[in-house]
Amino acid sequence: MTSESHHYCKNLMEVNKSHAVVTNQPIYNEQGILLLAPGSELSEKRADILLQHKLMKPLEECVGIASSFSAKQLYEFINKFSANIAGLVAVTDSENHQRILRQVCLYYEKFPLLQQNLTVLALRAPRIYYQGLFSAAAGLAIAIQLKLSQKELQTVFIAGLYHDIGFLYLAPELSQKTQEFSNDEWKALQAHPIIAQRFLNLIPDLPKEIGSAIANHHERIDGTGYPFNVFGDKLPMVSQIIAATDNIIFNHSRYQDYGVHAHAMLLTALKLSDNIYFETVYDAAMVLFKHAPSPTTTLIEAPSADELLARQKMLRQQFENATFLSKKLMALPAGPMTRSVSAVMGRLAISVVRSGILQQEEWLSKSTQEHVAEDSLSLVEVSVMQDQIYDQLLHLKNIMERVVEAIPAHDTPLKTLAEKALNQIELQYALTS
């Protein structure tokens, strides 16, 4: 088996412990030798046999799972999930949205392989599964706001559900990591949209636009995404919707402990991301955000001014370090990665100016640990903007690491200088909470 098939087989083996995974057709190796007959349960022992062979057909096509999620269950799961997120239920509770949601869930049920994969995802990677529910619900709301066609609504919904399905085919620990990737880990991470597309392309009669949307959901209009560094004019609208929901999901998980106030924090975060998605997608997402009810309770906890001030000083220093290195790298011969450095550095500089956070040190210095409610909200807003600057710095550092690695070894002075400058970009949270 390939490493990708190996990981998926392991996931199926674990699923079999609670939901019977049974072969629905004979499984042969590449030499045509029968490994498992139809009706065989995928026990650990039988899975070990399969792991030793290259199979004639993908394993997914040869097995079925007892109690795979039906259209009715998926519809109920999404509504139950949305009900717990004030900003989401505000836009998914309408009669029109519910009617369309029922239709796209029935569309999902037409494809047994989709049902199988989603069931495995829910049982083996619940965090990614819930992110898929979020992306499908929010993406569908954005698509409805944009008045997309029925086919496009179906594409958005399925692409949202499965946008990170590729992680089922990768080492489990990779999905938990956010920084300090080795070169091999970075390449594996960048492959997850392609792996997902490859799986979806196995499914008979499933439109290829769905796989294409997923393959491109980490691309950005300025060409700084992955895995293809595609620029905006070549990106499908659906992939941009999934990209926007992916960003919303990430920030929601970051701020969910703030309860009803999380929605306002997401809105602040989204305002600093308006230049990486299609303008129409960004505008539709912003319209939906405004439907959410305003909090009626007081924000009790907020980061202290001292913590924010320490973090702000760190960010300012790291921004200066990143600026120094980016100038050196942008002087290299033009290429996709050097163009990405230029684009991300330009976007970061704009975000720093627009947020104004690096000019707020005097206000933070004068603040005390005791705040009225208005000060607490202001401190939280500063914290959110710091998060966005941090994320962009981290993205820039990841790209610059790839460029520095590619500097020829014979160019010793530049490589030594670049590696030293890269090591000085130390991104650490100053907040203790």
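This is a predicted model: local features need pLDDT of at least 70, side-chain atom pairs count only at pLDDT 80 or more; totals for chains, interfaces and linings use all residues.
At least two lining residues are supplied by each of helix H1 (3-15) and helix H9 (183-200), and the largest share, four residues, comes from H1. When the lining of this pocket is sorted by class, eleven residues are nonpolar, six are charged and two are polar.

Elsewhere in the model, helix H6 (residues 112-124) packs with helix H8 (residues 150-162) at an angle of about 35°, the two axes being 11 Å apart. On the H6 side the contact is made by Leu114, Gln115, Asn117, Leu118 and Leu121, while H8 contributes Ile158, Leu161 and Tyr162. By class, this contact has six nonpolar and two polar residues, with no charged residues. Tyr162, when its neighbours within four places in sequence are left aside, is in contact with Leu114, Gln115, Asn117 and Leu118, and also with Tyr108, Ala196 and Ile214.

In soluble globular proteins, nonpolar side chains tend to be buried together. The largest nonpolar core of the model has 99 residues, and those with the most contacts inside this core are Leu12, Leu50, Leu74, Leu114, Leu118, Phe157 and Tyr162. Helix H7 (residues 126-145) provides the largest share of this core, namely eleven residues. Apart from this core lies another, of 30 residues, which includes Tyr390, Met400, Ile407 and Ile425.

Conventions:
Residues are numbered from 1 along each chain as its sequence is written. Side-chain values use heavy atoms; hydrogens and water are left out. Ala, Val, Leu, Ile, Met, Phe, Trp, Tyr, Cys and Pro count as nonpolar, Asp, Glu, Lys and Arg as charged, and the others, Gly among them, as polar. Axes are lines fitted to C-alpha atoms, for helices over the stretch in contact, and angles run from 0 to 180 degrees between N-to-C directions. Contact means heavy atoms within 4.5 Å. A nonpolar core is a set of buried Ala, Val, Leu, Ile, Met, Phe, Trp, Tyr and Cys residues joined through side-chain atoms within 4.5 Å. Buried means under 20% relative accessible area, exposed over 50%, partly exposed in between (1.4 Å probe, protein chains only).
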